[in-house]
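Open your viewer and get ready to select residues by number.

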Amino acid sequence: MENGPSSEGRYGETVFRPEAAGEGERIDFGALAYDAVTLARLRALGAGPGWRCLDVGAGTGTVARALLAEAGVAGVLAVDRDTRFLAAHPVPGLEVLAADVTEPGAVPGRFRLVHARFVLMHLAARERLIGALAALVEPGGVLVLSDAVDLTTGATPDTPYARAMRAMWRGLGDTIGTDVSWVPGYPRLLAEAGLTRIGAELHVPPLLPGSPLSRFWADTWSRSRGAMTATGLIDDAGVDAAIAYLASDDCAALSAGMLTVWGWRAPEGDRGPSPAGAFSSRPGPVGGGGTRPRP
């Protein structure tokens with residue numbers, strides 16, 4: 001992935017290397033926490049038979065395979081810089097492409113659904129990339145982006161979890177350019193990319209001892225420990241305390257939120273709503289504000 005403005009490394013190289021033992025399992029812990037919400041949203045937006053889909057930064061391929069098996073889409077092109085996890089689980093209808101989406105023209109074709117989850121937050125030139133992804137949406141299709149929203153503010157209780165999260169976001173920003181501060185601006189960015197009928201929802205899961213999400217964060221901190229301790233916000237003992245806290249009955253916290261935003265490419269011959277009416281906050285079928293596809 002592309003470097004951030006002040007970073008020297010890349011996701012998958014400096015941290016979270018795919019060849020490291022257990023990295024696929026770490027990704028799957030996150031998938032267990034978020035896949036049901038993601039798939040419900042994609043199906044509510046109409047993903048189903050006849051749809052050709054693009055899954056960017058597909059990881060281990062859980063969303064791509066669910067689109068095929070549960071939504072019955074016609075096919076999914078799953079793209080990642082390293083495709084070892086995707087290649088390990090081939091299924092009919094799944095096409096795998098090793099590519100860097102930060103490179104112009106890396107992905108050929110246009111798609112009814114373009115989806116990326118927990119990808120753009122790690123990449124630089126984010127506004128340009130949103131425009132590039134929007135250009136891959138065919139007329140009548142939809143772009144769906146999900147990324148993290150940090151909830152560890154200054155008013156958050158000073159628990160081992162909160163201290164670890166603050167150090168993690170700072171450490172990942174310093175090493176690979178991760179930045180979630182701009183994620184709430186997704187609706188504006190999708191509208192500026194020419195999409196209409198913008199919708200959004202926020203999913204904030206609780207942390208439960210032994211849950212897949214708690215195991216995901218514990219493993220994530222273990223793998224980014226060096227970046228976290230380099231910030232001076234936490235030391236090794238603090239990381240260990242945070243990992244122990246996640247597994248204890250004392251843990252009472254909310255995970256980072258997942259903000260999902262979507263926007264439609266107007267069908268050919270349809271100029272779409274005016275900019276003033278481009279954003280919809282009508283109740284959607286899952287969680288927060290949303291829009292339904294036209295019949």
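**A tour of the rings**

Start by selecting tyrosine 11, which counts as buried at 19% relative accessibility (buried means under 20% relative accessible area, exposed over 50%, partly exposed in between, with a 1.4 Å probe and protein chains only). A word on what you are viewing: this is a predicted model, where local features need pLDDT of at least 70 and side-chain atom pairs count only at pLDDT 80 or more, while totals for chains, interfaces and linings use all residues. Residues are numbered from 1 along each chain as its sequence is written, and side-chain values use heavy atoms, leaving out hydrogens and water.

Rings of Phe, Tyr and Trp (its six-membered ring) pair if their centres lie within 6.5 Å; planes under 30 degrees apart are stacked, over 60 edge-to-face, and the rest tilted. The structure holds five aromatic pairs.

Now show arginine 26: it lies over the face of phenylalanine 16, 4.1 Å from the ring centre (the rule asks for NZ of Lys or CZ of Arg within 6 Å of the ring centre and within 35 degrees of the ring normal).

Move on to tyrosine 34, buried at 4% relative accessible area, and phenylalanine 118, partly exposed at 24%.

**The cysteines**

Finally, select cysteine 53, buried at 0% relative accessibility, and cysteine 251, buried at 9%. How many disulfides are there? The count is zero, taking a disulfide as a pair of cysteine sulfur atoms within 2.5 Å.
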